Amino acid sequence: MAMKALDIYKLLPKTNCKKCGFPTCLAFAMKLASGKVDVDLCPDLDEQTRELLGGATRPPIRLVAIGAGERSFTVGEEFVLYRHERTFYHQPGLMMQVADTWPEERIEGVVARVRDETFHRVGEDLSVDGIAFRWESGDADRFGGVVGTVEACASVPEVIIADDPEAQAAALAHCGNFQPLIHAACADTAEAMCDLARKYGCALAVRAGDLEELKRLVGLCRDRGVENLMLDPAPATLRDFLARSVEIRRRAVERTDPDLGYPVVFDTVPLGLPDAATALGILKYAGVIIIDELGPASTMAALTLRQNIYTDPQKPIQVTPGLYPVNAPTGSAPVLMTVNFSLTYFTLLGYLEAAGIPCYLFIVDTEGMSVLTAVAGGKLTETLVADAIKTTELENRVDHRVLIIPGYAAPLSGKIEEETGWEVRVGPGDAAEIGEYLETGWEA
Ligand code: SF4
């Protein structure tokens, strides 16, 4: 079980010597309990205490890196079952499969999508993370040839899916230096797969439908010097995946079963139902999800879901406060005030661009809260608006003194007028109506 700050404090030297970089032992204990620092920062612990505190405070799920270079990513190092307890930190890598039996054009199509397809959403670029090569042909040389051909032009993280060490070796000869994930070792192949993982410095997935067998394989791989492991619970159905993945996560974060403290890999392809399986993997703790050729709409949906789940619920995605010109405005253009919650900003921006009306978007800092929440929570105030007008030098940018505020901020209109000296007009509550509002109701 994770330790509380006070329990940790009781085990510290309590000298407040500051060698750890914190002013007191209690301050260090609090950081340690939150998993934000490592116990090794305190040099004055005896070995037994260091081991005890390390086991109780280090991330319960190992951090594993997949790939090398710009698009490499890490998974694991999560602490909780539910994101209302704490953020989920490392989003799962989505790896689109290609099989070595496919025609060249089909493989090239998937590779081009993974390499080049990007979706832009609320200020972030979203894309599939890499390619999963599946050995279907039964011919190790052919498999190696396909991996080698793609490797030369893709430069993205990879998973090598082959249960035969010879096929793995043929593929790794082309891409081993780029640290793909080797998928997967079972009881019969664990030793040979460990040798390959060690030779190329790759992470290795172990696969078994029984959690006790998974643990046994983990122990075997660790004994053979492979620490960067992932767990494939070999589900035959979505229900299997849900049950096994949740059980693995629960035992890992509760620290009752350290041998299950590794990220999970979910091969959705054999199960069918690609959209549902991908969504389930994102929601229920997969670290790597092997997906079929999802169409662009399904891919966008999966990436949007992942973006939402792996956003800190206490820190909404924000845009930088300031003054944003839209559609090349002049000094007589309307000024529309709103908040720096990304979804609000990008939704409004989309409607304004579509309407083609020149204007200024005047974004005030509500710490990423939506208009309604900011008004209710006292984060959007007349003082904040007055300060933002000064900071952005709004008075020098337009030749009028009219501010359009969102419909949900209507209760503040009088106070904003008083504080700023600007005439305040209340705009629509729904961003979709902003084009019509400006066309029919705007005149400085
Ligand atoms: S280094 Fe250790 S003993 Fe010194 S203040 Fe930090 S926790 Fe306390």
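User: What percentage of the 444 residues in the protein chain is made up of buried residues?

Analyst: Buried residues make up 41% of them. A residue is called buried if 20 or more other C-beta atoms, placed from the backbone, lie within 10 Å of its own, exposed if 12 or fewer do, and partly exposed in between. Keep in mind that you're looking at a predicted model, where local features need pLDDT of at least 70, side-chain atom pairs count only at pLDDT 80 or more, and totals for chains, interfaces and linings use all residues. Numbering starts from 1 along each chain as its sequence is written.

User: Why is Val159 called buried?

Analyst: Val159 has 28 C-beta neighbours inside 10 Å, and the cut-off is 20 or more, so Val159 counts as buried. You'll find Val159 in strand 7 (residues 158–161). Strands here are DSSP runs of E with at least two residues, helices are runs of H or I with at least four, and both are numbered from the N terminus.

User: How do you know which residues Val159 is in contact with?

Analyst: Contact means that two C-beta atoms, placed from the backbone, lie within 7 Å. Leaving aside neighbours within four places in sequence, Val159 passes that test with Met95, Ala132, Pro180, Leu181, His183, Val288 and Ile290. Take Pro180: Val159 and Pro180 are 21 residues apart along the chain, yet their C-alpha atoms are separated by 5.2 Å.

User: What share of the contacts in the protein chain with a separation of 6 or more comes from residues 24 or more positions apart?

Analyst: Such pairs account for 63% of those contacts.

User: What makes the largest nonpolar core a core, and how many residues has it?

Analyst: A nonpolar core is a set of buried Ala, Val, Leu, Ile, Met, Phe, Trp, Tyr and Cys residues joined through C-beta atoms within 7 Å. The largest set of this kind has 77 residues, and Leu204, Val206, Met230 and Val288 have the most contacts inside it. Helix 6 (residues 165–175) gives the largest share of this core, six residues. Apart from it lies another core, of 38 residues, including Ile357 and Leu384. In soluble globular proteins, nonpolar side chains tend to be buried together.

User: Which residues does Val288 touch?

Analyst: Not counting residues up to four places away in sequence, Val288 touches Ile66, Val75, Pro92, Gly93, Met95, Val159, Leu181, Met230 and Val265.

User: Why is Glu436 called exposed?

Analyst: Glu436, in helix 17 (residues 434–441), has 12 other C-beta atoms within 10 Å. The limit is 12 or fewer, so Glu436 is exposed.

User: And why does Lys315 count as exposed?

Analyst: Lys315 lies in the loop between helix 11 (296–309) and strand 13 (322–326). With 10 C-beta neighbours inside 10 Å, Lys315 also meets the rule of 12 or fewer, so it's exposed.

User: What makes Glu77 partly exposed?

Analyst: Glu77 has 17 other C-beta atoms within 10 Å. That value sits between the two limits, so Glu77 is partly exposed. Glu77 is in the loop between strand 2 (73–75) and strand 3 (93–99), and has a positive phi of about 50 degrees although it's not a glycine.

User: What makes a residue part of the shell around the ligand, and how many residues surround it?

Analyst: The residue's C-beta atom, placed from the backbone, has to lie within 6 Å of the molecule. 13 residues surround the ligand, with Cys17, Lys19, Cys20, Cys25 and Cys42 the closest.
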